[in-house]
Amino acid sequence: MLVPALAATDFQPRSGSPGGGETIHMFGAGSIPGRTEVTFDGVPAAGIVYVSSTELIVVTPAHPIGDAAVRVATAAGGVTFAFPYRYVPPFISLTIAPASATIGIGQTVQFTATGTGSDNNTTDLTSRVTW
């Protein structure tokens with residue numbers, strides 16, 4: 001059996017919950033249906049869906065907060081992405097500002113959303129929120 005060379009170029013999103021269960025799309029070349037393995041710091045992905053030889057849909061396993069090396073392997077060998085998957089602390093609160101807004105007809109108001117993580121760091125979520 002001829003096995004294509006393996007390449008790992010990108011995946012999105014690049015961060016998610018330490019509880020796992022996040023769906024990410026991986027891109028590269030050389031994936032083989034049913035014969036491609038993906039690991040996060042050596043822990044197998046919770047699920048892998050083969051889309052094509054250049055795309056996989058992968059479900060992340062649970063992992064402690066922090067970075068995890070992501071490795072893809074086939075019979076041709078394995079490659080590790082040049083960047084990690086980041087397990088980020090879950091948000092413990094979400095703040096919307098302004099807290100209440102009364103606007104007149106034809107006026108606009110800009111809302112912002114900020115998430116506070118369990119480590120007390122804040123993240124601007126405004127561009128990721130659907131208003």
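This is a predicted model: local features need pLDDT of at least 70, side-chain atom pairs count only at pLDDT 80 or more; totals for chains, interfaces and linings use all residues.
Modeller: Residues are numbered from 1 along each chain as its sequence is written, and side-chain values use heavy atoms, without hydrogens and water.

Biologist: How many strands does the protein have, and what is its radius of gyration?

Modeller: Strands are DSSP E runs of at least two residues; helices are H or I runs of at least four. The protein has 0 helices and 14 strands. Its C-alpha radius of gyration is well over the 14 Å of the globule rule (2.2 Å times the number of residues to the power 0.38) for 131 residues, so the protein is more spread out than a compact globule. The radius is 19 Å.

Biologist: What share of the residues is buried?

Modeller: Buried means under 20% relative accessible area, with a 1.4 Å probe and protein chains only. Of the 131 residues, the buried share is 29%.

Biologist: How many residues has the largest nonpolar core?

Modeller: Such a core joins buried Ala, Val, Leu, Ile, Met, Phe, Trp, Tyr and Cys through side-chain atoms within 4.5 Å. Phe 11, Met 26 and Val 38 are among those with the most contacts inside it. Elements giving two or more residues include β3 (23–29) and β7 (55–59). The core's residue count is 16.

Definitions and conventions
Buried means under 20% relative accessible area, exposed over 50%, partly exposed in between (1.4 Å probe, protein chains only).
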